[in-house]
Amino acid sequence: MRVRWGHGLLILALWSACTGPRLLNPDDRFGHRYTGQAPDGRVTLTLASPDSGASWRYPVPTDTVHVRPGPFRPDLLPAMQAVPVELLIKGSLPDACSELDSVAQERTGHLLHVQLWMRRPQRRRCRPVVRPFRFYLMLADSLAPGSYTLKLNGRVFTFELRVPEE
């Protein structure tokens, strides 16, 4: 049976694409960050400097959360490893005046509590415009493999950290 080179290369390319390393969406990759406006149209925000004026504080409305674990070390046993974890939080600010104010995080075992606050000046008229954003938050503690529950501004997200199979 003769196989033409063109067909053989196509089969090899398809096979390697299926069995090659898994490519992650940039939003799921640890360490990858967009500055300014990302391809999804969301602007990357940071916490605003402390406010000396009078302002109202509210929990930030969020849409999605991407859990982005750091790399595991292959030379250590999985049960002994803990890796840094970054959250990519996506949401929308409700008007032209609101800005990210502060964040608080607390961990009890496998339960993580995160509060993300925005602020809006008092006695100021603000144009109502939806402003989609992304915010990167490095968790204070490194996490070991296992199942976790994240409570972000009252919303519950579950995730699992697994050591990648080689």
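Colleague: Happy to meet this structure! How many bridges pair E4 and strand E7 (residues 131-138)?

Modeller: Welcome! This is a predicted model, where local features need pLDDT of at least 70, side-chain atom pairs count only at pLDDT 80 or more, and totals for chains, interfaces and linings use all residues. Residues are numbered from 1 along each chain as its sequence is written, and side-chain values use heavy atoms, leaving out hydrogens and water. Strands are DSSP runs (E, at least two residues) numbered from the N terminus, and two of them pair if DSSP finds at least two bridges between them. E4 and E7 run antiparallel, with Gly91 opposite Phe133 in E7, and the number of bridges is eight.

Colleague: Which residue of E4 is the bridge partner of Val65?

Modeller: Strand E3 (residues 62-69) also pairs with E4 in the antiparallel sense, over seven bridges. The partner of Val65 there is Ile89.

Colleague: Is strand E4 (residues 85-93) largely enclosed or largely open?

Modeller: Buried means under 20% relative accessible area, exposed over 50%, and partly exposed in between (1.4 Å probe, protein chains only). Val85, Leu87, Ile89, Gly91 and Leu93 point one way, Glu86, Leu88, Lys90 and Ser92 the other, and all are buried. Nine of the nine residues of E4 are buried, so the strand is largely enclosed.

Colleague: Which residue forms a disulfide with Cys97?

Modeller: A disulfide is a pair of cysteine sulfur atoms within 2.5 Å, and the whole structure has one. Cys97 lies in the loop between E4 and strand E5 (99-108), and its partner in the loop between strand E6 (111-121) and E7, so the pair ties together parts 29 residues apart in sequence. The sulfur atoms are 2.0 Å apart, and the partner is Cys126.

Terms used
Helices (H or I, at least four residues) and strands (E, at least two) are DSSP runs, numbered from the N terminus.
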